[in-house]
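The following exercises are to be worked through with the sequence and the structure at hand. Each task is followed by its solution in steps.

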Amino acid sequence: MADFQLQFEPSHLLPLAACYPVEDDRDALDAGMRIAGGEYNRANLETIFRWKTGGRGISRLGRNTDAEIEEALRLGTSAQTERPAIAVLCGLFGVNVPVASAVLTAINPERYTIIDFRMVS
């Protein structure tokens, strides 16, 4: 197992954190909390989708029925492991791994993270 090595000086952490406005995440995290609480609806999915994509491709979500969205969110949140959670969400039109992982992250940020080539390692 590789040892973790911080890529910058610890004194840079607070200034770097200040560059990222947490309020920008609030709507998505609130939508994730509502989904976790059983509100498996299109509005919550669209909020997280817009947060992740900046709105690009949101029209594709319109190809899903409300029932399909509800079922995918319900099954995704109840999955015991990550693979089926991602798989069921990717069954929706317009949702691939980056968006599916963003949905799961908004629902449970302690368990999940966003999977996307744009994310910095």
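**Exercise 1: A pair of helices**

In this predicted model, the crossing of H5 and H6 is right-handed. Determine how the axes of helix H5 (residues 82-90) and helix H6 (residues 97-107) are placed, and which residues meet.

Solution. Two packed helices are described by the angle between their axes and the distance between the axes. Step one: the axes of H5 and H6 come within 9 Å. Step two: they cross at roughly 120 degrees. Step three: angles from 65 to 115 degrees count as roughly perpendicular and those over 145 as roughly antiparallel; H5 and H6 are therefore oblique to each other. Step four: on the H5 side, Ala 85, Ile 86, Leu 89 and Cys 90 are in contact with Val 97, Ala 100, Ser 101, Val 103 and Leu 104 of H6.

**Exercise 2: The buried face of H4**

Find where the buried residues of H4 fall around the helix axis.

Solution. Step one: the buried residues of H4 are Ile 69, Ala 72, Leu 73 and Gly 76. Step two: viewed down the axis of H4, these buried residues fall within an arc of 95 degrees, so they line one face of the helix.

Key
Residues are numbered from 1 along each chain as its sequence is written. This is a predicted model: local features need pLDDT of at least 70, side-chain atom pairs count only at pLDDT 80 or more; totals for chains, interfaces and linings use all residues. Side-chain values use heavy atoms; hydrogens and water are left out. Buried means under 20% relative accessible area, exposed over 50%, partly exposed in between (1.4 Å probe, protein chains only). Helices (H or I, at least four residues) and strands (E, at least two) are DSSP runs, numbered from the N terminus. The arc is that of the directions from the helix axis to the C-beta atoms. Axes are lines fitted to C-alpha atoms, for helices over the stretch in contact, and angles run from 0 to 180 degrees between N-to-C directions. Angles under 35 degrees count as roughly parallel, over 145 as roughly antiparallel, 65 to 115 as roughly perpendicular and the rest as oblique. A crossing is left-handed if the near helix is turned anticlockwise from the far one by less than a right angle, and right-handed if clockwise. Contact means heavy atoms within 4.5 Å.
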